[in-house]
Amino acid sequence: MAALSAVAGSQGRIALGWPAPGGEPAARYDLYRSDTAITSVTGLTPVVTGLQQRTHSDLPPAEGIWYYAVVARDPAGNASGPSPSQSA
């Protein structure tokens, strides 16, 4: 999974976007957020699942630095590895 971009916006929102994965097209995406860098999504609960677009606007629960990663899922539900985490 390619890197995503995370940009702090107005009113505490984070604008997120990522490119389509190479190979088989993804059917949907799961987005993860953490207060530490994400190297694995094991044990993390997704912020949102089933995204069909490659952008999302997130409002974190508190001010500070937040890290994000995205996982692509194919039509059968198989997950890619997480993208490298990005902070905002």
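Me: What does buried mean for a residue such as Asp58?

Reply: Buried means a relative accessible area under 20%. The model shown here is predicted.

Me: Why is Asp58 called buried?

Reply: The relative accessible area of Asp58 is 4%. The cut-off is under 20%, so Asp58 counts as buried.

Me: Why does Arg33 count as partly exposed?

Reply: Arg33 has a relative accessibility of 22%. Partly exposed lies between the buried limit of under 20% and the exposed limit of over 50%, and therefore Arg33 falls in that class.

Me: What makes the pair of Arg33 and Asp58 a salt bridge?

Reply: The term requires a side-chain nitrogen of Lys or Arg within 4 Å of a carboxyl oxygen of Asp or Glu. For the side chains of Arg33 and Asp58 the N to O value is 2.7 Å, so the pair qualifies.

Me: Why is the pairing of the side chains of Asp58 and Tyr68 called a polar contact?

Reply: The two side chains come to 2.6 Å. Because a polar contact needs N or O atoms within 3.5 Å, one able to donate a hydrogen and the other to accept it, the pair is given that name.

Me: How many salt bridges does a search of the whole structure find?

Reply: Two are found. One of them joins the side chains of Arg73 and Asp30 at 2.6 Å, N to O. Arg73 is in strand 6 and Asp30 in strand 3, so parts 43 residues apart in sequence are tied together.

Notes. Residues are numbered from 1 along each chain as its sequence is written. This is a predicted model: local features need pLDDT of at least 70, side-chain atom pairs count only at pLDDT 80 or more; totals for chains, interfaces and linings use all residues. Side-chain values use heavy atoms; hydrogens and water are left out. Buried means under 20% relative accessible area, exposed over 50%, partly exposed in between (1.4 Å probe, protein chains only). Helices (H or I, at least four residues) and strands (E, at least two) are DSSP runs, numbered from the N terminus.
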